Every structure is written in structure tokens, then in C-alpha cells.
Amino acid sequence: MVNEKIRRPIIAGNWKMFKTHLKGVKLVQEINYGIDKDIDAEVVVIPPFTALRSIKTVIEADKMKIKLGAQNMHYMSEGPFTGEISPVMLKALNVEYVIIGHSERRQHFDETDELINKKLKKVFDVKINPILCVGEPLKIRELGRQKQYVREQLNNCLKGLNKDYIQNIVIAYEPIWAIGTGKTATPEDANFMISFIRQRISRLFSPIISEKIRIQYGGSVKPFNIVPIMVQPEIDGVLVGGASLNAHDFISIINYKRKLK
Ligand code: PGA
């Protein structure tokens, strides 16, 4: 059973606040060594800001297929914002992806849909592809209101975005109760929510755009559950946290197609 996807799968590793630049370089070299040479998925590593430059250098020097992403950005090009990183700075490092609105930023740094919307409006100016995270907390899931909750997040975060750019967005559906907890949504449920997100994109933009946009699942993705997740027709990839910090586990996730043959 070889599962062919309509959209190119994207497998991204969000390292969060782990790995110094030295450990990060070692990890990316190990990942590169283990990736199947004929891989058709896009592989992205998303280290902390301090490791971006060093990792970009080894990616370029060794002509790796791995792409680089950042975990956050400010919505201005420059200014008196101590401690912030601008999208122009990320672009200068050839960063190709940036996570926007991760639930940990919403939870611990009070990021609102309004702020996320400002960042999304800016990110297309510098031609970096955003990975927009949406997903409901446990309480909402227990009330069965996850569709309404995610619909609201999409309406607010995507408000006023340019139709010409929106097809470059990647959306990650990450139910908060599944992040770092070892609990995953069932693959069928993740597929259902992702299909729902696609329908919303169709309504907000157009059916053609909704068919082009890649939507990932995130939340306790591990080597043992990657196959049932990736065989779901609507799921175009995964955003991996904990398991992306270990070369062996991340490689096993990236090379999931081996388990399909
Ligand atoms: P996890 O994190 O894989 O450790 O659950 C996913 C994420 O936060 O992107």
C-alpha cells in the first residue's frame, strides 16, 4: 500500500526551547544522514533563533534537502521592540517557514488572534511561508465545541489576507490537549477536523485555494503513530515537537513511507 498524496507532504520539527546551536548542528546532520534519498516530502527543522544561522550554514554547505523554519516573529520590519525578531531578519537568513500562533505562544505569551492576524499580514510581504497553528483546548473538546472554536480562530487570524498569497500558508491543526501529553487525536478525528478546516478555507477564500493549502496535524506525533496519521487523505503532513529532538525518532517519522511498502 503506497499512499500517494495530492499535495506535497510537509514534515516539520518544532524544537521549541531546546538545543544550543552546537547540539542543533549535530542533530540536523544526523537527520540528513538518515533521510531517504528519494524522499518526496518537504522536511523542515524549526530550531530556536540562536541556532538558525549555524544550521543554515551546514544545510547550504552540505546541500541538504532540509529546509529551515523559525518559531515566531514580530509583525514589524524593525523598531524599538527589545527582545523581538523581525521577519526581515529571518528572510536575510533564508528562513523559509515561520510558525505563527503556536498554542504555547497563545497560552504563555498572551498572543491573541488579532496579533496573529497582524503577523500573517506581514509575513507575506517578506515571502516567508507561515505555519499557522490552530486547535482547541481540552475544555472545549469536552463540550464538543471544537468546530466552532477552530472556525472562530480561522475567521479572526485570516481576516483581510490577500488571496494571492494565502495559498502559501500551511495550517497546523494541533488540539492543545494532545501537545506534549502523549494523547493524540484519533487519525480519523484529526482527518475530520482538517477536512473541516479545508471547507472553511474554501468558504473564506475559494475552493481552488482550499485544495492547494497544506494542512498538518500536530500533537504527540511519534514513530509508532505516523503511518495511521499520514494515510488519512486530508492530512498533508505533521508538526512534530518532542519526537523531533531525537534523530532516530524524527528520521523514522520522515521515512514513514518505508512502512507502507
Ligand atoms: P508534541 O508537540 O509533538 O511534543 O506534542 C507538537 C507541537 O507543539 O508542535
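1. Let's start at Gly242: one of its polar backbone atoms is 2.9 Å from an oxygen atom of the ligand. That is a polar contact, meaning a pair of N or O atoms within 3.5 Å. A backbone N or O atom of Gly241 lies 2.8 Å from an oxygen atom of the ligand, and a polar side-chain atom of His102 is 2.8 Å from a ligand oxygen atom. The protein covers 97% of the 280 Å² of accessible area that the ligand has on its own (Shrake-Rupley method, 1.4 Å probe).

2. A word on the source: this is a predicted model, where local features need pLDDT of at least 70, side-chain atom pairs count only at pLDDT 80 or more, and totals for chains, interfaces and linings use all residues. Residues are numbered from 1 along each chain as its sequence is written, and side-chain values use heavy atoms, leaving out hydrogens and water.

3. Around the ligand you will find 14 residues (a heavy atom within 4 Å), the closest being Lys16, His102, Glu174, Gly180 and Ser220. By class, this shell has five nonpolar, seven polar and two charged residues, with Gly counted as polar.

4. Where does the ligand sit? Its place is the second largest pocket (more than half of its atoms lie within 2 Å of the grid points). A pocket here is an open set of points on a 1 Å grid over the protein atoms alone, where a 1.4 Å probe fits, with protein on both sides within 12 Å along at least five of seven lines; lining residues have an atom within 4 Å of a point. The second largest pocket has a volume of about 220 Å³. Its lining has 20 residues, with Lys16, Ile179, Gly180, Gly241 and Gly242 closest to the centre.

Definitions and conventions. Polar contact = N/O pair within 3.5 Å; in protein donor to acceptor, adjacent residues only side chain to side chain. Points joined across faces, edges and corners; volume = space filled by probe spheres on them.
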